[in-house]
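The following exercises concern a single protein chain.

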Amino acid sequence: MLVVEDEVLVRLMICEELRERGLRVIEAVTADQAAEVLQSSTEVDLIVSDIKMPGRLDGLALARHVDAHHPGLPMILASAAFWNRAELPGCVQGLFPKPYAVDGVVNRICEVLKDHLPTTEPDPAA
């Protein structure tokens with residue numbers, strides 16, 4: 001999982017909660033850093049990103065990039081500004097207003113990951 005957030009306290013809170021739930025978390029301070037992670041060989045199963053961030057890319061541009069170049073990779077976005085859900089790329093599986101309750105975001109992350117993890121059929125020989 002990749003958490004993209006320029007506000008250090010918000011990033012630390014959500015990453016700590018995700019790690020407590022046993023999830024592997026990669027942190028990025030900007031969407032530009034997140035794009036570099038995606039270009040590397042690092043495996044990412046979900047991205048949580050703020051929309052408004054410094055740098056060349058913001059969270060919305062990152063979502064458009066993910067939609068175009070990483071089909072099937074879900075994102076959850078957060079923003080203090082209002083966004084029309086219909087204007088967001090298809091990869092966006094959740095939109096949370098900031099400030100948000102960390103539990104609500106983490107619960108949504110767990111729901112999305114559950115829906116995107118490969119299912120294994122029970123082994124009839126077992």
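Is Gly 55 buried or exposed at its relative accessibility?

The model is predicted, so that local features need pLDDT of at least 70 and side-chain atom pairs count only at pLDDT 80 or more, whereas totals for chains, interfaces and linings use all residues. Residues are numbered from 1 along each chain as its sequence is written, and side-chain values use heavy atoms, with hydrogens and water left out.

**Exercise 1. Classify Gly 55 and locate it.**

Step 1. Buried means under 20% relative accessible area, exposed over 50%, and partly exposed in between (1.4 Å probe, protein chains only).
Step 2. Gly 55 has a relative accessibility of 55% and therefore counts as exposed.
Step 3. Helices (H or I, at least four residues) and strands (E, at least two) are DSSP runs, numbered from the N terminus. Gly 55 belongs to the loop between β3 and α3.
Step 4. Its C-alpha atom is separated by 9.2 Å from that of Gln 33, and the two residues are 22 residues apart along the chain.

**Exercise 2. Describe the surroundings of Met 75.**

Step 1. Met 75 is part of strand β4, which covers residues 75–79.
Step 2. Because its relative accessibility is 0%, Met 75 counts as buried.
Step 3. Contact means heavy atoms within 4.5 Å. With neighbours within four places in sequence left aside, the contacts of Met 75 include Ile 47, Ser 49, Leu 62, Val 66 and Cys 91.
Step 4. Val 8 lies 67 residues away along the chain from Met 75, and their C-alpha atoms are separated by 20 Å.

**Exercise 3. State which residues touch the most other members of the largest nonpolar core.**

Step 1. A nonpolar core is a set of buried Ala, Val, Leu, Ile, Met, Phe, Trp, Tyr and Cys residues joined through side-chain atoms within 4.5 Å.
Step 2. The largest such core has 25 residues, and those touching the most other members are Leu 2, Val 4, Val 44, Ile 47, Leu 62, Val 66 and Met 75.
Step 3. Two or more residues are given to this core by each of β1 (2–4), β2 (26–28), α2 (31–39), α3 (59–69) and β4. The largest share, five residues, comes from α2.
Step 4. In soluble globular proteins, nonpolar side chains tend to be buried together.

**Exercise 4. Identify the residues that line the largest cavity.**

Step 1. On a 1 Å grid over the protein atoms alone, a cavity is a set of points where a 1.4 Å probe fits but cannot get out, and lining residues have an atom within 4 Å of a point.
Step 2. The lining consists of Val 3, Val 4, Glu 5, Ile 14, Val 48, Ser 49, Asp 50, Ala 78 and Tyr 100.
Step 3. β3 gives the most to this lining, with three residues.

Definitions and conventions
On a 1 Å grid over the protein atoms alone, a cavity is a set of points where a 1.4 Å probe fits but cannot get out, and a pocket is an open set with protein on both sides within 12 Å along at least five of seven lines; lining residues have an atom within 4 Å of a point.
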